[in-house]
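This briefing covers the fold of one protein chain, grouped by topic. Please look over the sequence and the model before reading on.

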Amino acid sequence: MGVQDLQDHVLVQCDFEIFGQVQGCGFTKHCRDNCLALGIKGWVKNSKQGTIMGKMQGAKGDVGKMVDWLSKTGSPGCKIDKAEFTNWGTCSRLAFTDFAIRF
């Protein structure tokens with residue numbers, strides 16, 4: 001296992017907000033399903049402003065994969081205009097036990 005492999009396993013966290021035509025197209029469900037498949041913990045929800053908001057915690061490499069998905073791919077039928085990722089940090093343990101859709 002090289003240095004990069006070790007760095008990919010560091011636990012990181014961030015908040016995210018996705019802008020565009022992202023509500024009403026199953027974005028939160030697809031986000032949850034992808035995070036669960038990657039072992040990422042946290043939550044996602046539709047905001048009153050028409051965006052998708054959430055928090056992710058997990059291995060740096062896996063969170064990086066979700067950052068890419070949230071920024072470029074999204075759910076079928078969505079149109080992502082912009083993705084913001086804030087409050088980046090490392091964590092010694094995960095504060096969430098699963099990845100949930102909040103209402």
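Two strands count as paired if DSSP finds at least two bridges between them. In this predicted model, strand β1 (residues 11-21) and strand β3 (residues 52-59) run antiparallel and are joined by eight bridges. One of the residue pairs involved is D15 with its bridge partner K55 in β3. Strands in a sheet pair through backbone hydrogen bonds, in either a parallel or an antiparallel manner.

**Annotated region**
- The UniProt record, an unreviewed entry, lists residues 13-103 as "domain: Acylphosphatase-like".
- Residues 13-103 of the chain are 42% strand and 29% helix.

- Five strands form an open sheet with mixed pairing, in the order β4-β1-β3-β2-β5.
- The edges are held by β4 (79-90) and β5 (99-101); each has a single partner strand, so one side of each is left without a neighbour in the sheet.
- On average, neighbouring strands of the sheet are turned by 20° against each other, with direction ignored.

**Helix α2**
- Helix α2 (residues 27-38) lies across β1, β2 (41-46), β3, β4 and β5, and runs at about 170° to β5.
- The 12 residues of α2 should span 16 Å at 1.5 Å a residue, which agrees with the 16 Å between its end C-alpha atoms.
- F27, T28, C31 and C35 are the buried residues of α2.
- Viewed down the axis of α2, these buried residues fall within an arc of 95°, so they line one face of the helix.
- They pack against β1, β2, β3, β4 and β5, and also against α3.

**Helix α3**
- Helix α3 (residues 60-73) packs on the sheet and touches β1, β3 and β4.
- The direction of α3 makes about 155° with that of β4.
- At 1.5 Å a residue, the 14 residues of α3 should span 20 Å; the end C-alpha atoms of α3 are 19 Å apart, which agrees.
- Buried positions in α3 are V63, M66, V67, W69 and L70.
- Seen down the axis of α3, the buried residues lie within an arc of 165°, so they line one face of the helix.
- The cover over the buried residues of α3 includes β1, α2, β3 and β4.
- Exposed residues K65 and K72 sit on the face of α3 turned away from its buried side.
- G74 follows α3 and has a positive phi, near 65°.

**Single residues in the edge strands**
- N87 is located in strand β4.
- Although N87 is a residue other than glycine, its phi is positive, near 55°.
- Is N87 buried or exposed? Exposed means over 50% relative accessible area; N87 has 52% relative accessibility and therefore counts as exposed.
- I101 is located in strand β5.
- Leaving out residues up to four places away in sequence, I101 touches T28, K29, R32 and V44.
- I101 and L38 are 63 residues apart in sequence, and their C-alpha atoms are 16 Å apart in space.

Definitions and conventions
Residues are numbered from 1 along each chain as its sequence is written. This is a predicted model: local features need pLDDT of at least 70, side-chain atom pairs count only at pLDDT 80 or more; totals for chains, interfaces and linings use all residues. Side-chain values use heavy atoms; hydrogens and water are left out. UniProt positions are given in the numbering used here, feature names are shortened, and annotations may be inferred rather than shown by experiment. Helices (H or I, at least four residues) and strands (E, at least two) are DSSP runs, numbered from the N terminus. Axes are lines fitted to C-alpha atoms, for helices over the stretch in contact, and angles run from 0 to 180 degrees between N-to-C directions. Contact means heavy atoms within 4.5 Å. The expected span of a helix is 1.5 Å times one less than its number of residues. Buried means under 20% relative accessible area, exposed over 50%, partly exposed in between (1.4 Å probe, protein chains only). The arc is that of the directions from the helix axis to the C-beta atoms.
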